[in-house]
Amino acid sequence: MTVTEEPTTQDSGPVPEIGRDRRRKEDQRLITGRTKWTDNIVLPGMLHMAMVRSPFAHATITHIDTTEAKASPNVVAVYTGSDLDESAGVLINAWPITPDQVTPVHAPIPADRVTFAGEIVAVIVARSAAEARDAVELVDVDYDELPAAIDLREAAAASPENGGALAHPDLGTNTSAYWVFDSAAAGTGTDVEDAIAKARTDGVVVEREFRQQRMIPAFMEPRSVVVDPSGEQLTMWTSSQVPHIVRFALAATTGVPESKIRVIAPDVGGGFGGKLQVTPEEWIAWWVARQLHQPVKYTETRSESLMAGHHGRDQWQKLTLSAEKDGTVTGFKVELTADLGSYISLVGGGVPVLGAFMFNSIYKFPAYHFACQTVLTNKAWTDAYRGAGRPEATFGIERMMDELAVATGIEPMELRQKNWIKHEEFPFTTVAGLEYDSGNYEAATAEAMANFGYDELRAEQKQRREAGDPVQLGIGISTFTEMCGLAPSRVLGSLDYGAGGWEHASVRMLATGTVEVITGATAHGQGHATAFSQIVADRLGVPFEDVQVLHGDTAIASKGMDTYGSRSLVVGGEALVKAVDKVIAKAKPVAAHLLEASIDDISFKEGRFSVAGTDQGMSIQEIALATFAAHNLPDGMEPSLDADATFDPINFNYPHGTHLCAMEIDTETGQVTMRKYTCVDDVGTVINPLIVEGQVHGGLVQGIAQALFEEAVYDDAGTLVSGSFVDYLVPTAADLISFDVSHRSTPSLTNTLGTKGVGEAGTIASTPAVVNAVLDAVRHLGVEDIQMPCTPERVWKAIHKGSNRSGGGEGGTEPTTADAAPHFDPSEGVDR
Amino acid sequence: MIPAPFEYAAPTSVEEALGLMTEHGDEAKIMAGGQSLLPVLRMRLNAPEWVIDLSRIDTLRGVIDAGDAIEIGAMTTHHDVLHDPMVAEHALLITKAVEHLADAQIRHRGTFGGALAHADPAGDLGAPTLALGAEFVIQGPGGTRTVGAAEFFVDLFETAIGEDELLVAIRVPKHTGWGAHYEKFVRVAHQWPIVAVAATVQMNGDTIAEARIGLTNMGSTPMRASAVEEALRGAGPDEIRAAADLAADGTNPPSDLNGDADYRRHLATVLTRRAVQAAAKG
């Protein structure tokens, strides 16, 4: 990767900013940490909070004694659930996926019953963080344990009649909702049962059950919140992806008018969906600050973050794929069971629904049926995690295409090619009802296969198999697309989502010629400040260095829908383009007036207004100063070049790519080692190739981590066993290889820049590529499936016991029994 | 991640440290490099009244030549052990084990004696010191005593060091010219070994004259693979596999998220073969 920069200008004129490898202007402060992380904020008189959390997954709180904690040095207050009043509000679910969705009430602190291990039962407020933490030990809570719903499939089947444990006994069921899409009913395709029945008699039917394990977003900066209740507006700083949603939800549930609320997400250290949330910790801080009329801060520990921040994925997928004998797919039936945890989070049940539109991926399936049961359990709540629904769908279909390849004996890439949408068939309306605007799967695949050395690796694989090499080679394919750029507001409305999907931008020309750009898309590490500066620099003809991008503060960026779903550039970038164009349109009559020319003779190029047929002109900066002075403006002209624009996309956009992975499997130990990873992603127009490459690399690692390393494991009692980074294995650079990443740029037709989202692409594509490669290496040894993460133990056992399907038999159960490594034995903290 | 309050002392001599230990008894914890103790304190899994920091006792650092042995001061950092030419010449197995111990940051803070006294069965130093027949020099109020490696490791996180004693040095008999290899099996680089095998061999041409094999994380203490050592005496290259198949004999490995006991027993045999084969090459 190249990180050197060319000079800003060359003799031949300005270098276009769009398409240029700019190093990120925000990185120095982010990397050194000398910046406004929420936890760095210190206010006069600020108090500190610490949480008392339940060790039990499900229990009645019978008594809480806070006497000793209240008497502890410098403790100002201790509150329990019964102290909260209406002004504490509740945590809301913004996406009830069906009208009759069963939704438990989610108070910031429950008064009488805890529903997952880690739930808050009391909050300590003290003059220092250390004193608050000390007093946590002094709160005495009596619990009566209740039966806990832990195993997802058991919870899905539990009822009062069969005596299964209910996460919320008062609700009478663990099932929150059933959500169904059927192509025959929707008129987008034919009947899937007919297709399957026909294939059973004269074709091929592949049936599999796959486990999407529970994941933890594991962002680098733990969540933190500061609330200042003084002044005209109450201010909350929060380590959040979604300050605008937090503001709305505070207003909606705590009785404070929206106009009195200012929410600031200052620099935020990663989210991966994990900070797309409204949290009990935020709501408690809000309430406590208002109770005590003093600023408060809460910063979670890493242990709390892993235990009580929202988790991701966690599904069982029952999949049935029908095809003709020549490999032409005739139907796909998807039956999901999705674990919500004990509460329905902000987007909660909507995550699997996002996947509903993507199980057909890049293929032309005539019949499709999707049914999802969302289930409450006594575990941490789940919500968006990088890709949110689309990685699950991509995994499901790409694993199934490999299984179909095996069943039909067709080469897996040929099978895909046979079924995918041809380049000349775009725009294409899919069986799930989406209109794909553009795509060129043939070109991306051809390039990827050449870069990868596909044929050579297949030859090596054959040779190793024939030689009985202890290290076997496997090749995995994932051809993917995704719907991103969330989202057309009308589509969100039709899915009962509680908000729109537009984005807002403002451009302010300052008197001295520099530019403030305000975006409603709140960055938390993506590089908005750099990429958005490049767009403005090109379009407005000002130097890159003269553009300042502001975001994340509702008093500055008053409107916004924030950052998730690979939306910032494709939605927020387009809003920015429209705002810049308005600035130019406002400046043009001023230029004409000052240049004493007809407006029809004025043209604008590279930051300069020129009079046709003359050498006369003025720069946009000169117009800005003249407008500021307002001494000589056209009659009736307002003395401002500032402009706002809000953009609501008409469609999602559909980046796609071909990912190829080679894995080496040591058959003696089960060790899995990545040999090569090549991808060619079509992400439309690229603003900054360096940032795109970084996003793809990081996304790949996160998807590979699901395939090989990470898993949130609960024991049978509902305790999070993988509660530290000793047991929740996040890979580092030492564990992976450098990826062969390249991109193609077929411009998207859904925005004028032609951009497509890239933030989630790597994560969505890579997981099935890796698992397909692992299986391809050992399939000849009798292995049909290995549950994720494909640990060396699971791989070795699959090889030596034959099949290891997720859906049944050995290795097909949820891993809830194993112990954590004994390195932090409480009784043995010796270090001599 | 805020520990419970504690008092802190940083003695500058072993005698001063022993005095503080006598004074505070089981209310005190000893801190060497702090790489295991500090996480435990921060997670409040332990809350001692006193932390006695040994980092200012200069006499506990460094490696010296003690005739037929080398003596590694207990407070010598992993980094210093890794780059010590005397260790590489006379106890290559230790160099090989330390090379992949944790990460560079931990190797700069963590200490050789601290890790051994912590006695984590998944720690990387128990198996090589056991294989090399190291002796542990322990100092208490009554003076100094020496304990062999086999007696030093008592149980999970438990050693022969008494309540009022300190580990001051590790004496490693010279194995000059022995080949060595540490075969460590992990899923990610920063985790404790799932299983690891420390092997050092003295070659006689193509034949193994003597072999010493230590096993990491195959029981509550580091273990010696005695049956393998026995079978390797005088073994040629083709006999290594059969000998290594005995590696799991008498072991009692744990089960956890990374693998159950049976899987670890299997791994021990494969890793032992590989470790011995690599050690035989030098």
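**Chain folds, the A–B interface and a helix pair**

In chain A, 79% of the contacts with a separation of 6 or more link residues 24 or more positions apart, two residues being in contact if their C-beta atoms, placed from the backbone, lie within 7 Å. The model is predicted, so local features need pLDDT of at least 70 and side-chain atom pairs count only at pLDDT 80 or more, whereas totals for chains, interfaces and linings use all residues. Residues are numbered from 1 along each chain as its sequence is written, while chains are lettered from A and ligands numbered from 1 in the order in which they are written.

Chain A contains 21 helices and 30 strands; helices (H or I, at least four residues) and strands (E, at least two) are DSSP runs, numbered from the N terminus. The radius of gyration of chain A, 28 Å, is close to the 28 Å that the globule rule gives for 832 residues, so chain A is as compact as a globular protein of that length. Here the radius is taken over C-alpha atoms, and the rule is 2.2 Å times the number of residues to the power 0.38. The C-alpha atoms of chain A fill a box of roughly 85 × 75 × 60 Å along the principal axes. Of the 832 residues in chain A, 56% are buried (20 or more other C-beta atoms within 10 Å of the residue's own, with C-beta atoms placed from the backbone).

Turning to chain B, the secondary structure comes to 12 helices and 14 strands. With a radius of gyration of 19 Å, close to the 19 Å from the globule rule for 282 residues, chain B is likewise as compact as a globular protein of that length. Its C-alpha atoms occupy a box of roughly 60 × 45 × 30 Å along the principal axes, and 55% of the 282 residues count as buried.

Where the chains meet, 37 residues of chain A are in contact with 41 residues of chain B. On the chain A side, the elements giving two or more residues are α3 (129-136), α9 (302-308) and α21 (792-801), and α3(A) gives the most, with 4 residues.

Within chain A, helix α11 (residues 390-408) packs against helix α12 (residues 412-419) at an angle of about 110 degrees, with the axes 9 Å apart. Axes are lines fitted to C-alpha atoms, for helices over the stretch in contact, and angles run from 0 to 180 degrees between N-to-C directions. α11(A) and α12(A) are therefore roughly perpendicular (65 to 115 degrees). A:Met401, A:Asp402, A:Leu404, A:Ala405 and A:Thr408 in α11(A) meet A:Pro412, A:Leu415 and A:Arg416 in α12(A).

Note on methods. A residue is buried if 20 or more other C-beta atoms lie within 10 Å of its own, exposed if 12 or fewer, and partly exposed in between; C-beta atoms are placed from the backbone. Angles under 35 degrees count as roughly parallel, over 145 as roughly antiparallel, 65 to 115 as roughly perpendicular and the rest as oblique.
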